[in-house]
Amino acid sequence: MAEAENVEKLPAAERKRLKKEAEAKKREEEKEKKKAEQAAKQEAAGPKKENLEDLDPTKYRENRMAMVKSLKDPYPHKWPVDTSIPGLIEKYKDLPAETHEEGTVVTIAGRVKNKRAQGASLVFYDLVADGSRIQIMCQAQFHEVGDFKEAHSNINRGDIIGVRGFVGKSKKGELSIFPKEVKLLTACLHMLPKDHQGLKDQEVRFRKRYLDLMINDDVRNTFYTRSKIVNFIRHYLDSRGFLEVETPMMNMIPGGATAKPFVTHHNDLNLDLFMRVAPELYLKMLVVGGLDRVFEVGRNFRNEGMDMTHNPEFTACEFYMAYADYNDLMDMTEHMFSEMVLNIKGSYKIQYHPDGPEGEPVEIDFTPPWPRISMVEEIERLAEVKLDRAFETEPARKQLDDLVAKLNLDCPPPRSSARLLDKLCGHFIEDRIVHPTFITEHPQVMSPLAKWHRSKPGLTERFEMFVNTKELCNAYTELNDPERQMACFMGQAAAKEAGDDEAQGVDTDFVTALEHGLPPTGGWGCGIDRLTMFLSDKNSIREVILFPAMKPLGK
């Protein structure tokens, strides 16, 4: 009492200080008391379980491997899945909140994306499969097979689990499975990136595409788009009487396109062979044989540089149609592609980011009809010159060389007419294209397999279709005169001798086939990878190839 009276006699500031000290001391005592109580509870419950997510990756893997070895059946042979997660979501999307369909038991499986526990009797999982996610709400009261705690203690993010239970919705209205049984089917031994971290490193993404598909949802969508493109082309051609065929991947002569080939070796024959750069010559032989409409979707191999739009192996579709010319094929291309874009994207107009997702978008309009530009005439118009159309002669080549030099365009040797024309076309035409455009009537020196133009000397009935500066299609009325074809082959051989390692060789077997009679035919080729880039909005070809070519690590 006397102490209280003494305090009251102190100045107000001192009384305030003493009060604060007393309150702080009380809080500290309460804190120590709670710590002691928690320590006593932990001691009674046994040692605290190590949090796997806090371990370094090596220790994490070691722990997971030890866990797998401790299981009686770590890799079950079978789990009787009877429905898909997308199917469940569609079927029960209108179920009211807090509703349980306990009479309907389903069995599903998938990969655990997230795990969270609330006490000892409630565990949540986010389960993903077939591109969809569903919540697994595990409650001890519904668990029937084995011990609840044991069943869930060994499951972690990345694991593949089987779930058998009934459908319902939580209080918040989230569609969930309430399991009667949960079983670990395959453990993931590696620590996965967390959802908020994602997987951004491109080297890791492309080398470990399986991990990329697990973590990044949009990657799956890219390859679904790719599949839709191939299926659309197949259906389009099949419905018009085309026969799908397969032709050799290894050839004695690398023909069918202007490109540097890969070389392989056949041990039994002791013979070097070339991986195909294009299936063109074989497909035309089939037309000679009476298969009037044929097509092939397959891999081609070109031993050239890797960049944003080139991969050494790539997928292309080629078709050949007897009694058609390049005008028919332009009409078909315009119809096929515009309908494809409308079917897959829901509109003729798409948004494309040529500089990546952070760059400015470009709107590309596939609405037909598309512009058709004559290559040489457009170069003449924009360069304000009249070109010598005898491109195979030295005076014509010199004129092109002077024009390229005047424009300061880079064209490494050999500076042939074909290579110089290609540079001029890129400068004046290709680099200015955004919307789908046909570049037509290429010179014969650029097109050794194309038929001469019926009314314009020195040119061919050929077109290339470009979108946003990139070539997507190449097609022409096929050259079916065996004598002219041999002359074109000899011209290519001369270019090869002069140092052009992309020039084609002489294929006498193909010329012999032409001597048996190739009907008037139109031929067409399209790169599936580049087309997928546009329709999935990716600016790198490696994004649309599941396993792109990569340099060895450390080099």
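By buried I mean under 20% relative accessible area, with exposed being over 50% and partly exposed in between, using a 1.4 Å probe and protein chains only. The buried residues of H16 are Ile 528, Asp 529, Arg 530, Leu 531, Thr 532, Met 533, Phe 534 and Leu 535.

Before going on, some housekeeping. This is a predicted model, where local features need pLDDT of at least 70 and side-chain atom pairs count only at pLDDT 80 or more, while totals for chains, interfaces and linings use all residues. Residues are numbered from 1 along each chain as its sequence is written, and side-chain values use heavy atoms, leaving out hydrogens and water. My helix and strand names are DSSP runs numbered from the N terminus: helices are H or I with at least four residues, strands are E with at least two.

So what does H16 sit on? Let's look at the open sheet. Eight strands form it, in the order E6-E10-E11-E18-E17-E16-E15-E14, and the pairing is mixed. Two strands pair if DSSP finds at least two bridges between them. At the edges you find strand E6 (243–244) and strand E14 (372–374), each with a single partner strand, so one side of each has no neighbour in the sheet. H16 (residues 528–535) packs on this sheet and touches strand E11 (313–322), strand E16 (462–467), strand E17 (470–477) and strand E18 (521–527). Touching, or contact, means heavy atoms within 4.5 Å. The direction of H16 makes about 55° with that of E18. For angles like that, axes are lines fitted to C-alpha atoms, for helices over the stretch in contact, and the angles run from 0 to 180 degrees between N-to-C directions.

Let's walk across part of that sheet. E6 and strand E10 (residues 293–301) pair in the parallel sense over two bridges, and Glu 244 stands opposite Phe 295 in E10.

Strand E3 (residues 132–139) and strand E5 (residues 175–186) pair in the parallel sense over two bridges, and Gln 135 stands opposite Ser 176 in E5.

On to a helix pair. How do helix H14 (residues 482–497) and helix H15 (residues 508–515) pack? At an angle of about 165°, with their axes 9 Å apart. That makes H14 and H15 roughly antiparallel; the label needs an angle over 145 degrees, while under 35 is roughly parallel, 65 to 115 roughly perpendicular and the rest oblique. From H14, the contact uses Pro 482, Gln 485, Met 486 and Phe 489, and from H15 it uses Thr 508, Phe 510, Val 511, Leu 514 and Glu 515.

Most residues other than glycine have a negative phi, and most peptide bonds are trans. Still, the bond from Pro 368 to Pro 369 is cis, with omega near 0°, and Pro 369 is in the loop between strand E13 (362–365) and E14. The bond from Pro 413 to Pro 414 is also cis, with omega near -5°; look for Pro 414 in the loop between helix H12 (394–406) and helix H13 (417–428).

As for phi, Glu 384 has a positive value of about 60° although it is not a glycine. Glu 384 lies in the loop between helix H11 (375–383) and H12, and at 72% relative accessibility it counts as exposed. And we end back at H16, which is followed by Asp 537, with a positive phi near 60°. Asp 537 counts as partly exposed, at 26% relative accessibility.
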